[in-house]
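Please look at the sequence and the structure shown here, and read the report beside them.

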Amino acid sequence: MPDLQHKRPWRGNHRIRLFFLIPSFKSGGAELQLLTLLRGLDKTQFAVVVAAIYRGNENDAQFEAIPQVSVEYLDKKWMLDFSPFIKLPRLLVKHRIDILQCYNISARLMGIFSAK
């Protein structure tokens with residue numbers, strides 16, 4: 001494995017902290033793509049957190065079973081529930097995230113406001 005120290009001197013020996021935000025873990029193209037990505041990421045180079053806006057879908061257990069991936073739920077209950085806009089920035093700070101990747105429009109909108 002090549003030494004990546006010279007490519008990211010601002011991080012030192014720390015892993016890059018990735019945060020993936022998706023509306024839910026239902027069965028769909030974006031969800032399958034994310035599941036495949038999370039399983040294949042080099043966990044020695046990346047610390048990974050994945051969050052779903054909604055809980056209670058058929059693939060929740062598959063995401064939770066991926067080794068060395070922290071799974072969070074924002075638990076949005078209804079359309080006008082704005083609590084995820086409070087929870088998401090707290091999670092980003094808690095995990096000291098370097099990169100936020102959002103899937104689908106609702107996650108992108110939430111991510112834009114929260115990452116600011």
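This is a predicted model: local features need pLDDT of at least 70, side-chain atom pairs count only at pLDDT 80 or more; totals for chains, interfaces and linings use all residues.

Residues are numbered from 1 along each chain as its sequence is written, and side-chain values use heavy atoms, with hydrogens and water left out.

**Salt bridges**

Side chains of opposite charge can pair when their charged atoms come close. A search of the whole structure finds 2 salt bridges, the term meaning a side-chain nitrogen of Lys or Arg within 4 Å of a carboxyl oxygen of Asp or Glu.

| Salt bridge | N to O distance |
|---|---|
| Asp-75 and Arg-55 | 2.8 Å |
| Lys-94 and Glu-72 | 3.9 Å |

Asp-75 and Arg-55 meet through their side chains. Asp-75 belongs to the loop between strand S3 (69-73) and helix H3 (84-94), and Arg-55 to the loop between strand S2 (46-52) and helix H2 (60-64), so this pair ties together parts that are 20 residues apart in sequence. Here helices (H or I, at least four residues) and strands (E, at least two) are DSSP runs, numbered from the N terminus. Asp-75 is buried at 18% relative accessibility, whereas Arg-55 is partly exposed, its relative accessible area being 49%; buried means under 20% relative accessible area, exposed over 50% and partly exposed in between (1.4 Å probe, protein chains only).

In the salt bridge of Lys-94 with Glu-72, distant parts of the chain are linked, since Lys-94 lies in helix H3 and Glu-72 in strand S3, 22 residues apart. Lys-94 is exposed at 57% relative accessibility, while Glu-72 is buried, with a relative accessible area of 17%.

**Helix H3 against helix H4**

The axes of H3 and helix H4 (residues 105-115) come within 9 Å and cross at roughly 60 degrees; axes are lines fitted to C-alpha atoms, for helices over the stretch in contact, and angles run from 0 to 180 degrees between N-to-C directions. The contact (heavy atoms within 4.5 Å) is made by residues including Phe-85, Leu-88 and Leu-92 of H3 and Met-110, Gly-111 and Phe-113 of H4.

**A residue of the S3 to H3 loop**

Asp-81 lies in the loop between S3 and H3 and is buried, at 7% relative accessibility. Not counting residues up to four places away in sequence, Asp-81 touches Asp-75 and Lys-76, and Asp-75 is the residue that forms the salt bridge with Arg-55.
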